[in-house]
Every structure is written in C-alpha cells, then in structure tokens.
Amino acid sequence: MAGENPASTTEYIQHHLTNLVYGNHPENGWSFAHGAEEAAEMGFMAIHVDSMAWSIGLGILFCLLFRTAAKRATTGVPSGVLNFVELIVEFIDGAVKDSFHGHNKMVAPLALTIFVWIFLMNLMDLLPVDLVPELLMLAGVNYQKIVPSTDPNITLGMALGVFILMLYYSIKIKGTGFISELTMHPFNHWGFIPINLFMETVGLLAKPFSLGLRLFGNMYAGEMIFILIATMFAAGAGAGLIGGGIHAQIFGEQTSALFWLAIFILVCGVCGLNLKGKISTGKTVLLCMVFMALGGGLTALGGGLMQWGWAVFHILVITLQAFIFMVLTVVYLSMAHEDH
Amino acid sequence: MNINLTLFGQMVTFAFFVWFCMKFVWPVIIEAMEERQKKIADGLDAADRALRDLELAQNKATDQMKEAKQEAAGIIDQANKRANQIIDEAKQQAVAEGDRIKAAAQADIEQEINRAKEELRASVAGLALAGAEKVLEASIDEKSNRALVDKLAAQL
C-alpha cells in the first residue's frame with residue numbers, strides 16, 4: 001500500500017521504519033538519503049528530518065496551548081482551555097510534590113514539559129499508520145516516520161538531557177559528597193574503590209539509558225503492531241471479492257482515492273444519521289462494517305477492527321509511558337538532590 | 001535506527017521547551033491557581049464568619065426581645081399598681097370628702113336646731129306669758145314673773 005509500491009510485506013515494513021534522513025553522504029555530500037542503506041552510510045553526521053520536525057512541531061503546539069492558557073489565567077472562574085490545562089498542571093504538581101522533596105523551581109515545569117510533550121509525540125501513533133506517509137508521498141517525500149518517540153535519537157536525547165541535569169544537581173548539591181557516593185558507597189573501604197566506582201557508574205549510566213530505551217521500546221513495539229496489522233490489510237488486496245472487496249474487482253491493483261472517498265462519505269453519512277437518531281446504533285455499526293467489507297474485503301474489515309482495538313489499548317500505553325518517563329525523571333532528580 | 005545528530009537536535013529542543021515552560025507557562029498558571037485557591041479559601045472563611053455573625057445577631061435579637069418583654073411586663077405591672085393606688089386614693093378622698101360634707105351638714109343641722117330652739121325659747125316665753133295673761137285675765141306684773149318663765153324656757 002505504501003509508497004513506491006513495495007513488492008513485499010518486508011519492504012512495506014522496512015519502508016515504514018525508515019526515517020527521512022538528511023546528512024553528509026560520503027559520495028553524494030549533504031543530501032537526503034534514498035533508502036536505509038544510504039542513511040546508514042551517512043553515519044553520525046546526519047539528522048532525522050521527520051523526527052525533528054514532528055518533535056519540534058509538537059513542542060510548539062504544547063507551548064502555544066499552555067501559553068494561551070497562561071495568558072488567560074485569571075483568579076476568577078476558569079473555563080475552556082484553562083480548565084483543561086489547569087487539570088494537567090495540578091496533576092503534574094501533585095506528582096512532583098509526591099516524589100520530589102528538594103527545593104528546585106525547575107523540576108515541576110520540566111516534568112510538565114516532559115509529560116505533555118512525550119504524550120503528544122506518542123499520540124501521533126494513533127494516527128492511521130499509512131495516512132501521513134501516504135499523503136507526503138504524493139507531495140514527493142519518500143520516507144516519513146511521524147512518531148518521534150519511536151526514534152531512539154529522540155528518546156535518548158531527552159534522557160541525556162535529564163542525565164545532564166542529574167549530574168549538574170548532584171555536583172551542585174552534594175559537591176564532594178557525590179564523589180564519595182560514587183567511590184565509597186556499597187563497600188565503605190578504600191580498597192574497594194575501583195569496584196565501587198565501577199558498580200556505581202554502571203548504575204548511574206543505566207538510569208538515562210533505561211529511561212530513553214524504555215520509551216523507545218514501548219513506542220517502537222506499538223508502532224510495529226500497527227504496521228503488522230496494516231500488512232494484513234494490504235495482503236488482501238486483489239484476492240477477489242472476499243479478500244479485496246469491490247475495490248479490487250473494479251480497479252485491480254490500482255489505487256483509487258475517489259472510491260475510498262465514496263466509502264468514507266457513506267460511512268460518515270450513516271454515522272451522522274445515527275447521531276440524529278434516525279437509525280439505531282447496532283444498525284449503524286453493521287452498515288459501517290458492510291461498507292468497509294464491500295470496499296476492502298473481509299481482511300480489510302478485520303484489519304480495520306484490529307487497528308481500532310489496538311489503538312484503544314494503545315491510548316493507555318502512550319499515557320502510561322509519558323507518565324513513567326516524567327515520574328522517573330522527577331525521582332532521579334530527587335535522588336540527585338538528596339544529601340546523605 | 002542510527003544514532004546521529006538528531007540526538008543533539010532533540011537535546012537542544014528539549015532544553016528550549018523546558019526553558020519556555022519554566023519561564024512563560026508554569027509560574028503564571030501556578031500563581032493564578034494559588035491565588036484563586038486563596039480567594040476561595042477567603043470566601044469560605046467570610047461565609048463562615050457571616051454565619052457566625054448572623055447567629056450572634058439572632059441571639060442578641062432574642063435577648064433584646066426577651067428584655068423588652070420583661071420591661072413591658074414591668075411597666076404594665078407598675079401601671080396597674082399605680083392605677084389601683086390612684087383608685088384607692090380617690091376612694092379615700094371621696095370618703096373623706098363625704099365625711100367632711102356630712103360633718104358640715106350635721107353642724108348646719110345642729111346650728112339650725114339651736115337656732116330653732118333659741119327661737120322657740122324666745123317665743124315660748126312670750127307665748128306662755130301671753131297664755132298665762134289670758135288665763136289669769138289679770139295683769140300680772142311682767143317683771144316679777146319674767147324670771148320664772150325664762151327659767152322654765154331654759155329647761156326646754
């Protein structure tokens with residue numbers, strides 16, 4: 001389904017997992033990579049344009065939303081956006097007050113940024129996997145990963161930012177205490193200094209890595225399942241009325257946007273009638289499923305339902321992951337502030 | 001899945017957004033929320049106070065009413081007593097006046113009686129003499145019998 005008509009499922013999946021990379025290619029110089037191999041050849045001197053763009057865009061969305069609310073913040077009765085934003089702020093404030101006991105004006109806004117930003121990045125996972133890449137493909141952009149948190153660069157970048165803060169506050173608050181914590185901690189004897197240092201360093205480094213990789217792993221796996229379900233959707237095309245539906249009968253392998261537009265309008269119409277109370281909900285669901293089966297065949301219907309089911313479950317995952325990243329950040333910073 | 005410059009790009013972006021949030025978002029919202037919290041707490045306090053004041057005022061009003069009632073009852077009592085007193089006084093005065101009038105009347109009567117007696121005495125002497133004169137048909141010396149008849153009249 002995606003892009004330059006990938007021949008097989010493997011290619012489809014690979015295509016979905018390739019970032020839009022701009023970098024210094026040994027042969028082509030600074031250019032966009034054509035495929036994963038070229039991207040790999042670019043090495044470190046490359047940047048994932050899609051990840052960066054989506055992550056910055058979502059960050060700006062966060063800033064705009066919360067800045068609008070902040071501007072409208074009054075001591076009177078709150079309403080609309082302000083209510084929503086205050087709900088989140090209060091939630092974060094409570095979580096931070098629960099686990100952070102030092103005095104630092106930075107931790108709460110940091111936690112808010114992390115939570116909302118990561119949540120927004122994860123939220124991109126709920127957009128249909130093919131929608132944005134397919135549309136951008138029409139505009140001539142060959143690769144597009146729209147979920148920044150499935151890019152380890154993004155998650156590790158944030159984790160490293162947190163790590164730097166941990167180091168900074170550890171040294172600032174504990175001073176030499178931080179060094180003795182690293183060298184004298186499990187075994188309080190000078191002879192054990194190398195062993196202590198090794199163990200504590202590993203423990204220290206494990207924090208940002210686990211932080212970044214946990215988020216990356218969860219989101220990557222979730223995205224992968226969306227893609228796998230989508231491959232079932234794609235596999236059915238052309239396999240007759242049962243597999244590919246009327247669509248395959250009429251158009252064969254050719255994609256026709258108009259046909260899907262017609263199905264989309266029919267489904268919207270049925271849903272609209274249901275909202276006006278003209279047809280019962282049971283009938284609405286049945287009709288929608290019939291339209292989908294007619295359009296894409298039974299496998300498409302199954303794929304759609306599975307996508308929907310996984311998306312519902314995923315709402316929980318994305319919120320939980322954003323929350324875990326935030327809470328662990330606060331806990332790590334709290335540990336950095338604790339003087340023994 | 002290559003680690004590349006994106007890592008640092010994200011770190012810089014991260015730092016920028018945290019700074020933005022720290023400077024323009026968090027303090028403003030938290031301040032507004034805390035202020036509102038204070039306002040609400042103050043409002044609730046004021047409501048409590050007002051309730052207490054109301055209760056106090058009600059108690060005071062009840063007390064005052066009771067006092068007023070007592071006072072009114074006192075005044076009525078006093079008025080009744082005063083009225084009785086006035087009536088008694090009036091009665092006494094009336095009795096005294098009656099007595100006085102009676103006494104005056106008695107005195108008048110006595111005087112009248114005495115006067116009548118005097119007159120009677122005066123005329124009795126004359127009448128008796130005239131009678132005696134008629135009886136005797138003789139002229140009796142008025143002078144020698146006068147004393148006798150006067151003595152008789154005094155006995156009346």
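Being 4 residues apart in helix α1 of chain B, Glu119(B) and Arg115(B) are separated by about one helical turn, and their side chains meet in a salt bridge with an N to O distance of 3.9 Å, a salt bridge being a side-chain nitrogen of Lys or Arg within 4 Å of a carboxyl oxygen of Asp or Glu. The model is a predicted one, in which local features need pLDDT of at least 70 and side-chain atom pairs count only at pLDDT 80 or more, while totals for chains, interfaces and linings use all residues. Residues are numbered from 1 along each chain as its sequence is written, chains are lettered from A and ligands numbered from 1 in the order in which they are written, and side-chain values use heavy atoms, with hydrogens and water left out.

Helices (H or I, at least four residues) and strands (E, at least two) are DSSP runs numbered from the N terminus. Arg115(B) is partly exposed at 45% relative accessibility, where buried means under 20% relative accessible area, exposed over 50% and partly exposed in between (1.4 Å probe, protein chains only). Glu112(B), Arg115(B) and Glu119(B) are linked in a network of salt bridges. Over all chains the structure holds 7 salt bridges. Among them, Arg36(B) and Glu86(A) form a pair whose closest N and O atoms are 2.8 Å apart. Arg36(B) lies in helix α1 of chain B and Glu86(A) in helix α4 of chain A, so this pair joins two chains. Arg36(B) is buried, with a relative accessible area of 10%, and Glu86(A) is buried as well, at 6%.

The secondary structure of chain A comes to 13 helices and 3 strands, and 46% of its 340 residues count as buried. Helix α3(A), residues 49–72, reaches 34 Å from its first C-alpha to its last, close to the 34 Å expected at 1.5 Å a residue, the expected span being 1.5 Å times one less than the number of residues. The buried residues of α3(A) pack against β3, α4, α5 and α7 of chain A together with α1 of chain B, contact meaning heavy atoms within 4.5 Å. In α5(A), 15 of the 17 residues are buried, so this helix is largely enclosed by the rest of the structure.

A nonpolar core is a set of buried Ala, Val, Leu, Ile, Met, Phe, Trp, Tyr and Cys residues joined through side-chain atoms within 4.5 Å. Of the 67 residues in the largest such core, Phe66(A), Val89(A), Ile92(A), Leu112(A) and Phe325(A) touch the most other members, and α5(A) gives the most to this core, with 12 residues. Leaving aside neighbours within four places in sequence, Val89(A) is in contact with Phe66(A), Leu112(A), Trp26(B), Ile29(B), Ile30(B) and Met33(B).

In strand β2 of chain A, which spans residues 29–32 and contains Phe32(A), Ser31(A) is also found. Ser31(A) counts as buried at 17% relative accessibility, whereas Phe32(A) counts as partly exposed at 40%.
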